[in-house]
Amino acid sequence: MHLSNITQFSPVLHLTGFPGLETIEQWIFIFFFLMYLVAISGNCFILIIIKTSPRLHTPMYYLLSFLAFTDLGLSVSTLPTTMGIFWFNSRVIYFGACQIQMFCIHSFSFMESSVLLVMSFDRFVAICHPLRYSVIITSQRVVRAGLVVILRGPVALVPIILLLRTFPYCGSQVLSHSFCLHQEVIHLACTDTTFNNLYGLTLVAFTVMLDLALIALSYGVILHTVARLASKEERLRAFQTCTSHLCAVLVFFVPMVGLSLVHRFGKHAPPAVHLLMANVYLFVPPMLNPIIYSIKTKEIRHAISNLLGLRKAGAESWS
């Protein structure tokens with residue numbers, strides 16, 4: 001390979017919008033703008049509701065605030081480049097900015113997986129050991145678990161993100177998404193990347209995949225416990241307390257598994273399939289989670305009604 005085509009590290013990378021859909025980019029912009037609007041405003045609203053409602057200052061809703069925080073971070077991480085492509089047709093990103101973006105995207109993804117795991121443990125204790133719930137699940141323990149959740153993914157990501165800058169790069173240096181992902185940038189390197197590949201695979205196995213397995217195990221025990229309840233009403237009431245969390249688990253993990261399968265077994269699939277799965281994985285959960293919890297959780301609906309009622313009363317007092 002010619003030395004002129006290799007650099008110690010690429011100063012800029014080129015992002016891709018939606019190849020072949022340039023004629024309808026205005027409609028795509030509106031669609032993405034609405035998704036960001038719902039995701040960012042919805043998660044901010046959940047955080048505000050939990051902070052301003054004293055009756056929601058419980059471990060369960062602290063965990064929900066962690067989930068809203070990670071969804072908000074995931075949305076903000078992809079916002080600059082995705083909207084930059086549609087607003088300013090800006091498809092160039094400096095390598096350092098690309099590293100920061102991929103670090104944020106992967107960190108918040110790992111955080112969300114961990115939060116969903118802790119929430120599944122909360123539901124497990126609430127249903128299988130209800131009399132001991134207030135002893136086992138305390139606010140202090142939830143805060144400690146939250147700190148572990150926040151630190152686990154980012155700390156483990158630092159080595160492979162920093163190592164990217166030491167690799168030589170060659171070729172077109174064009175990414176196939178409107179944001180930076182580690183698994184894409186590493187393919188541009190013109191050197192042996194076995195360590196990064198193995199480290200990344202191990203990291204996913206011991207974070208996301210382990211979280212998914214433990215969530216499945218907890219729900220297996222929950223279903224076994226619910227099935228042993230005496231009446232149908234008790235079983236339905238017990239399982240209804242899990243519906244919001246179960247929907248959030250499906251919304252997060254189903255696109256993630258689909259994206260993994262497409263990357264591994266769909267190498268000959270059209271680029272639009274890879275693009276669609278990556279966008280669904282990153283954009284849909286932050287948008288749907290606030291809607292799910294606002295619809296499915298009675299306490300959230302009650303807090304929203306109270307907040308809107310206070311605002312209406314305040315407006316009437318000024319009129």
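In the description that follows, Ala, Val, Leu, Ile, Met, Phe, Trp, Tyr, Cys and Pro count as nonpolar, Asp, Glu, Lys and Arg as charged, and the others, Gly among them, as polar. With this division, the lining of the largest cavity comprises 7 nonpolar residues, 1 polar residue and no charged residue. The structure examined here is a predicted model.

The search of the whole structure returned 1 cavity of 30 Å³ or more. Helix 1 and helix 10 are the elements that give two or more residues to the lining of this largest cavity. The volume of the largest cavity is about 40 Å³. Its lining consists of Phe-32, Met-35, Tyr-36, Ala-39, Ser-75, Leu-282, Phe-283 and Pro-286. The greatest contribution to this lining is that of helix 1, with 4 residues.

For Val-185, the contacts beyond four places in sequence are with Leu-13, Phe-95, Cys-98, Met-102, Leu-164, Tyr-169 and Leu-175.

At least two lining residues are supplied by each of helix 2 (59-88), helix 3 (95-128), helix 8 (232-240), helix 9 (243-265), helix 10 (271-296) and helix 11 (298-318). Among the contributors to this pocket, helix 2 gives the most, with 4 residues. In composition, the lining of the second largest pocket divides into 7 charged, 6 nonpolar and 5 polar residues.

Ser-244 is placed in helix 9. Because its relative accessibility is 6%, and buried means under 20%, Ser-244 counts as buried.

Gly-17 belongs to the loop between strand 2 (12-14) and helix 1 (25-52). The relative accessible area of Gly-17 is 2%, so this residue is likewise buried. Residues up to four places away in sequence being excluded, Gly-17 touches Ile-85, Arg-91 and Leu-275. Although Gly-17 and Leu-175 are 158 residues apart along the chain, their C-alpha atoms are separated by 9.6 Å. Leu-175 is itself one of the residues touched by Val-185.

The annotation of the chain may be set beside the model. In an unreviewed UniProt entry, the annotation "transmembrane region" covers residues 27-50, 62-88, 100-121, 142-164, 203-226, 246-266 and 272-292. Two of these spans were examined for their secondary structure. Residues 100-121 are 100% helix and 0% strand, with end C-alpha atoms 32 Å apart. Residues 142-164 are 96% helix and 0% strand, and a distance of 35 Å lies between the end C-alpha atoms of this span.

Notes: Residues numbered from 1 in each chain as written. Predicted model: local features only at pLDDT ≥ 70, side-chain atom pairs only at ≥ 80, totals over all residues. Heavy atoms only, no water. UniProt positions renumbered as here; feature names shortened; annotations may be inferred. Contact = heavy atoms within 4.5 Å. Buried < 20%, exposed > 50% of the residue type's maximum accessible area, 1.4 Å probe, protein only. 1 Å grid on protein atoms, 1.4 Å probe; cavity = no way out; pocket = protein on both sides within 12 Å on 5 of 7 lines; lining within 4 Å. Points joined across faces, edges and corners; volume = space filled by probe spheres on them.
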